[in-house]
Amino acid sequence: MKLRLFGIDYTVTLQRPDSDSNLRENLWGKTNFEKATIRLSDTTNLPVREQVLLHEVIHVCCEAGNLGLKEHAIIVLANLLYAALAENGLWRSPDWDRESC
């Protein structure tokens with residue numbers, strides 16, 4: 001799946017956490033700014049995966065806007081935004097079956 005964020009096309013992929021993918025077993029998502037990639041663990045259920053994607057998008061926002069948010073603030077913000085959007089029918093689930101996912 002592709003996400004266009006602030007003029008940059010990010011490739012989002014689902015991967016099994018292991019040492020080759022740089023996703024640790026306890027890490028559900030990782031953004032590589034130089035490569036414009038977002039990798040998400042394929043071991044999580046759909047709502048968690050969506051929250052993790054939003055979390056990684058917030059990381060991109062923080063980088064683009066030089067916001068300097070700490071990880072705890074990003075976690076809380078992602079969880080609150082996801083809940084607010086999902087509870088009000090404003091969250092549209094990504095198409096996880098597309099070619100790159």
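## Ground rules

Contact here means heavy atoms within 4.5 Å. Helices (H or I, at least four residues) and strands (E, at least two) are DSSP runs, numbered from the N terminus. Axes are lines fitted to C-alpha atoms, for helices over the stretch in contact, and angles run from 0 to 180 degrees between N-to-C directions.

What you're looking at is a predicted model, so local features need pLDDT of at least 70 and side-chain atom pairs count only at pLDDT 80 or more, while totals for chains, interfaces and linings use all residues. Residues are numbered from 1 along each chain as its sequence is written, and side-chain values use heavy atoms, with hydrogens and water left out.

## The sheet and the helix across it

Let's start with the sheet. Four strands make up an open sheet in the order E1-E2-E4-E3, and the pairing is mixed; two strands pair if DSSP finds at least two bridges between them. At the edges sit strand E1 (2–5) and strand E3 (29–32), each of which pairs on one side only. Ignoring direction, neighbouring strands of this sheet are turned by 25° against each other on average. As background, strands of a sheet pair through backbone hydrogen bonds, either parallel or antiparallel.

Helix H1 (residues 46–65) lies across E1, E2, E3 and strand E4 (37–41). Relative to E4, helix H1 runs at about 155°.

## From E1 into E2

E1 and strand E2 (residues 8–15) run antiparallel and are joined by four bridges. Leucine 5 stands opposite isoleucine 8 in E2.

The loop between E1 and E2 holds phenylalanine 6. Phenylalanine 6 isn't a glycine, yet has a positive phi of about 60°. With 56% relative accessibility, phenylalanine 6 counts as exposed (buried means under 20% relative accessible area, exposed over 50%, partly exposed in between, using a 1.4 Å probe and protein chains only).

## Two asparagines

Another positive phi turns up at asparagine 66, a residue other than glycine, where the value is near 50°. You'll find asparagine 66 in the loop between H1 and H2, and asparagine 66 is exposed, at 69% relative accessible area.

Asparagine 88 is in the segment after helix H2 (71–87). Asparagine 88 is exposed too, with a relative accessible area of 56%. The asparagine 88 side chain reaches the backbone oxygen of alanine 84 at 2.8 Å. A polar contact is a pair of N or O atoms within 3.5 Å; within protein, one must be able to donate a hydrogen and the other to accept it, and residues adjacent in sequence count only if both atoms are side-chain atoms.

## Aromatic rings

How many aromatic pairs are there? The count comes to one, where rings of Phe, Tyr and Trp (its six-membered ring) pair if their centres lie within 6.5 Å, and planes under 30 degrees apart count as stacked, over 60 as edge-to-face and the rest as tilted. The partners are tyrosine 82 and tryptophan 91, in an edge-to-face pair at 5.2 Å centre to centre with 70° between the planes. Tyrosine 82 is buried at 11% relative accessibility, whereas tryptophan 91 is partly exposed at 22%.

For cysteine 61, the nearest cysteine sulfur is that of cysteine 62, 6.8 Å away, and cysteine 61 is in no disulfide. Cysteine 62 is in no disulfide either. As for accessibility, cysteine 61 counts as partly exposed at 30%, while cysteine 62 counts as buried at 8%.

Key. A disulfide is a pair of cysteine sulfur atoms within 2.5 Å.
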